[in-house]
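These are my notebook entries on a structure that I wanted to read slowly, one place at a time.

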Amino acid sequence: MEYAKAFLSKHISSLIHKDGIKKQFLATISEFKHTGLDDPLSEKEFTKTEGLIHRYPDRVVLTVTNRCFAYCRFCFRKNNWANFEGFNLQESINYISKHKEIREVLISGGDPFFLTDKRLDEILNAIKSIQHIRFIRIGTRILTANPKRVRNDTIAMLKKYRTIWIAAHINHPDEITDEFRFAARMFIDAGIAIVSQTVLLKNINDNYNTLKNLFCELTAIGIKPYYLFGCDFAKGNEHFRVSIEKALSIMESLRGNISGLCMPNFSFDLPNGGGKIVLEPNRTIEKKGNRYLFKNFEGGEYEYIDV
Ligand SMILES: *Cc1c(COP(=O)(O)O)cnc(C)c1O
Ligand code: SF4
């Protein structure tokens, strides 16, 4: 197996010997199976102005950079690494201002924290000046890929624009380091809540114990597990993908056995711009009129009479 060690942050390089991290970031020859799509979510179709994606009614994604601290081999926007068209802040602000149904701007990339605090400040300031924007989300790998990038100045700058939610990408308990905890604490202490996003990855985290440990530890830190994503069918991703059936069987064993606070939603994106699907394991064994037969988390069968 040929590994190419490229583009990794110092932080990731220092952890690359760990199994749960190595497989996420080192290229393998399996990637050359070029099945999969350049733009698996058909984001081009929903791009309103350079870098601005409007797919759902009340929220938009603003991709502010193609640079990242991580370069996950399974990145669904990996086509952007080479082909990013940039983003236009003024045109994005004009678009969002005209669309009063938009409540939230999700700043994404690449990693938004690849920009300087000064540039982020400008972007946040412009977004926050739009009256109907109620909150901002920042999708980032900063806690797992470059936790030292979270500086006191960064936090002070972000605080001006609350409410801000951090959506932190993390896939394996090996990524929870002391630096991770420290940086997460800085956000949380400043009143900036963190949710997590995890990609379900074959032979990396596709088992009960790894995900249980990850989700319970995140919750203990104060990070709410939000999404467990099926791996998008981007080019070269085939060897990372896990079947829906397996994903749901893991979700089924997690549900009930661990606190509901630790449970993310299992979700994946439909190709051709279909958007996100959220699935729960099926608990309904039978339904006759208003009489249901359910399977509980222990496998026991219970009847429920609905109204
Ligand atoms: C995932 C996604 C969002 C955010 O969806 P949530 O369910 O609110 O987390 C917004 N826009 C696009 C294009 C997305 O892919
Ligand atoms: S952190 Fe996100 S944007 Fe960056 S390489 Fe990984 S999946 Fe892609």
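I looked up the lining of the largest pocket by class and found 21 nonpolar, 12 polar and 11 charged residues; here Ala, Val, Leu, Ile, Met, Phe, Trp, Tyr, Cys and Pro count as nonpolar, Asp, Glu, Lys and Arg as charged, and the others, Gly among them, as polar. I noted that the model is a predicted one, in which local features need pLDDT of at least 70 and side-chain atom pairs count only at pLDDT 80 or more, while totals for chains, interfaces and linings use all residues. Residues are numbered from 1 along each chain as its sequence is written, chains are lettered from A and ligands numbered from 1 in the order in which they are written, and side-chain values use heavy atoms, with hydrogens and water left out.

I wrote down what a pocket is: on a 1 Å grid over the protein atoms alone, it is an open set of points where a 1.4 Å probe fits, with protein on both sides within 12 Å along at least five of seven lines, and its lining residues have an atom within 4 Å of a point. The largest pocket has a volume of about 1,000 Å³, a volume being the space filled by probe spheres set on the grid points, which are joined across faces, edges and corners. Its lining holds 44 residues, and F76, R77, S108, Q197 and F229 lie nearest its centre. Strand 8 gives the largest share of this lining, four residues; strands (E, at least two residues) and helices (H or I, at least four) are DSSP runs numbered from the N terminus.

Which residues surround ligand 1? I listed I53, R55, Y56, R59, V61, L106, R137, Y226, Y227 and K276, where a residue is near if one of its heavy atoms lies within 4 Å. Strand 2 (52–56) supplies the largest share of this shell, three residues, and by class the shell has six nonpolar, no polar and four charged residues. I then checked the polar contacts, pairs of N or O atoms within 3.5 Å: a polar side-chain atom of Y227 lies 2.5 Å from an oxygen atom of ligand 1, the distance for Y226 is 2.7 Å, and for K276 it is 3.1 Å. Of the 380 Å² of accessible area that ligand 1 has on its own, the protein covers 87%, by the Shrake-Rupley method with a 1.4 Å probe.

Ligand 2 sits in the largest pocket, as more than half of its atoms lie within 2 Å of the grid points. I found C68, Y71, C72, C75, W81, G110, R141 and H169 around ligand 2.

Most residues other than glycine have a negative phi, and most peptide bonds are trans. I noted that Y71, in the loop between strand 3 and helix 3 (78–83), has a positive phi of about 55 degrees. The peptide bond from G109 to G110 is cis, with omega near 15 degrees, and G110 lies in the loop between strand 4 (104–108) and helix 5 (117–128).

Note on methods
A polar contact is a pair of N or O atoms within 3.5 Å; within protein, one must be able to donate a hydrogen and the other to accept it, and residues adjacent in sequence count only if both atoms are side-chain atoms.
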